[in-house]
Amino acid sequence: MNGWIDLSEAKQRAIRHAFSKAIPKPTARTRVFELIRAIKNFLTAQDGNLEAIPYFSSNFDYLRERMMESFATSHHCFLEALAEQWHDPDTPLPPKFERFHLVRQWIKELLFITSFVGDTKVIADNARLTKGMAELLSNPRFQNAQKIVSEYCQSPMAPTGIIHLAASVETVNQRFKQRHKESGRLNPGHDSRSQTEIATYTARKNSVNEHAIGFFESQGIAVLNLTAESELRMNVSQVISFLKGLPQKKSINGQA
């Protein structure tokens with residue numbers, strides 16, 4: 001695993017690189033003027049006027065927002081579709097405008113990291129994007145789904161590789177019972193579902209993910225398929241070999 005870092009360390013590196021390469025170091029005089037201007041803008045700001053938003057952290061937030069604005073201009077359909085397909089079975093589904101905000105914030109963070117992390121390899125669980133794209137590809141209401149997902153695969157957030165872990169219906173039910181027996185607690189996403197409903201949900205998700213994995217591969221993204229039924233040591237060995245064989249590029253999305 002030498003040469004790989006997690007998302008938290010990648011963010012810290014990206015911040016350091018951004019301040020050294022993209023954000024000019026203000027003089028003391030400039031800091032005073034910026035503070036006065038920020039206070040004035042705060043008092044006179046109009047709703048929706050991005051220029052009037054005060055920035056107190058040496059333009060760091062301003063830089064990230066501008067990057068996100070530029071990305072959103074070219075990928076608005078991508079953001080809208082992902083918000084529509086927002087998928088997190090462990091939490092209640094929020095209203096669409098809240099989902100759009102969550103998607104935007106998540107992508108803004110990832111866009112900044114991938115742009116400024118530098119020459120390194122990042123491994124991260126980015127299932128929100130990969131699962132969202134998977135759901136989109138399987139939704140017949142989106143006739144342009146393949147085009148949108150292709151744009152994702154060509155975007156700065158595109159992974160070099162995806163690690164896909166699948167579990168059979170039997171395995172999910174078995175571990176569902178085992179977890180409940182050992183801890184007395186249920187996964188929040190399972191709390192209101194019967195075992196039959198969980199089995200149906202699992203079978204559907206396996207089908208959706210398999211379809212998406214095939215599409216990702218057709219876009220040139222490397223995929224490692226693992227199963228929960230395999231021995232843990234074997235899966236770990238395959239993951240290490242897979243990561244060693246990937247070129248140096250952006251983040252790795254783990255999809256469970």
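This dialogue shows how to read several features of a predicted model.

Me: What do contacts between residues at least 6 apart in sequence join?

Reply: One asks how far along the sequence the partners lie. Among such contacts in this chain, 75% join residues at least 24 apart.

Me: How should I read the packing of two helices, and at what angle do the axes of α1 and α5 cross?

Reply: The general idea is to take the distance between the axes, the angle and the handedness in turn. Helix α1 covers residues 7–21 and helix α5 covers residues 96–116; their axes come within 8 Å and cross at roughly 65°. Angles of 65 to 115 degrees count as roughly perpendicular, and α1 and α5 are therefore roughly perpendicular to each other. The crossing in which α1 passes α5 is left-handed.

Me: Which residues of α1 and α5 meet?

Reply: From α1 come Leu7, Ala10, Lys11, Arg13, Ala14, Ile15, His17 and Ala18, and these meet Trp106, Glu109, Leu110, Phe112, Ile113 and Phe116 in α5. By class, the residues of this contact are ten nonpolar, one polar and three charged.

Me: At what angle do α6 and α7 pack?

Reply: The angle between α6 and α7 is about 160°, and their axes are 9 Å apart. Angles over 145 degrees count as roughly antiparallel; α6 and α7 are therefore roughly antiparallel to each other. Their crossing is left-handed. On the α6 side the contact is made by Leu129, Thr130, Met133, Leu136 and Leu137, and on the α7 side by Ala145, Gln146, Ile148, Val149 and Tyr152. This contact of α6 with α7 has eight nonpolar residues, two polar and no charged ones.

Me: How many aromatic pairs does the structure hold, and how is each described?

Reply: An aromatic pair is read from the distance between ring centres and the angle between ring planes. The structure holds two such pairs. Phe112 and Phe116 form a tilted pair, with 5.4 Å from centre to centre and 40° between the planes. These two residues both lie in helix α5, four residues apart, which is about one turn of the helix. Both Phe112 and Phe116 are buried. The pair of Tyr152 and Phe216 is edge-to-face, at 6.3 Å centre to centre with 65° between the planes. This pair links distant parts of the chain, since Tyr152 is in helix α7 (residues 145–153) and Phe216 is in helix α9 (residues 195–218), 64 residues apart.

Me: Why do Tyr152 and Phe216 count as buried?

Reply: The cut-off for buried is under 20% relative accessible area. Tyr152 counts as buried because its relative accessibility is 0%, and Phe216 is buried with a relative accessible area of 0%.

Me: Where is Leu137 found, and is this residue buried or exposed?

Reply: One first places the residue, then considers its accessibility and its partners. Leu137 is found in helix α6, residues 127–137. Its relative accessibility is 13%, so Leu137 counts as buried. Setting aside neighbours within four places in sequence, Leu137 is in contact with Ala145, Gln146, Val149, His211, Ala212 and Phe215. The C-alpha atoms of Leu137 and Phe215 are separated by 8.7 Å, although the two residues are 78 residues apart along the chain.

Me: Where is the place of Ala228?

Reply: Ala228 is in the loop between β4 (222–227) and α10 (232–244). With a relative accessible area of 12%, Ala228 is buried. Residues up to four places away in sequence not being counted, Ala228 touches Leu165, Ala166, Ala167, Thr171 and Arg175.

Me: Is Lys244 buried or exposed?

Reply: Lys244, which lies in helix α10, is exposed, with a relative accessible area of 63%. Lys244 and Trp4 are 240 residues apart in sequence and 9.4 Å apart in space, C-alpha to C-alpha.

Terms used
Residues numbered from 1 in each chain as written. Predicted model: local features only at pLDDT ≥ 70, side-chain atom pairs only at ≥ 80, totals over all residues. Heavy atoms only, no water. Axes fitted to C-alpha atoms, helices over the stretch in contact; angles between N-to-C directions. Parallel < 35°, antiparallel > 145°, perpendicular 65-115°, else oblique. Left-handed = near helix turned anticlockwise from the far one by under 90°. Contact = heavy atoms within 4.5 Å. Nonpolar A, V, L, I, M, F, W, Y, C, P; charged D, E, K, R; others polar. Phe/Tyr/Trp six-rings, centres within 6.5 Å; stacked < 30°, edge-to-face > 60°. Buried < 20%, exposed > 50% of the residue type's maximum accessible area, 1.4 Å probe, protein only.
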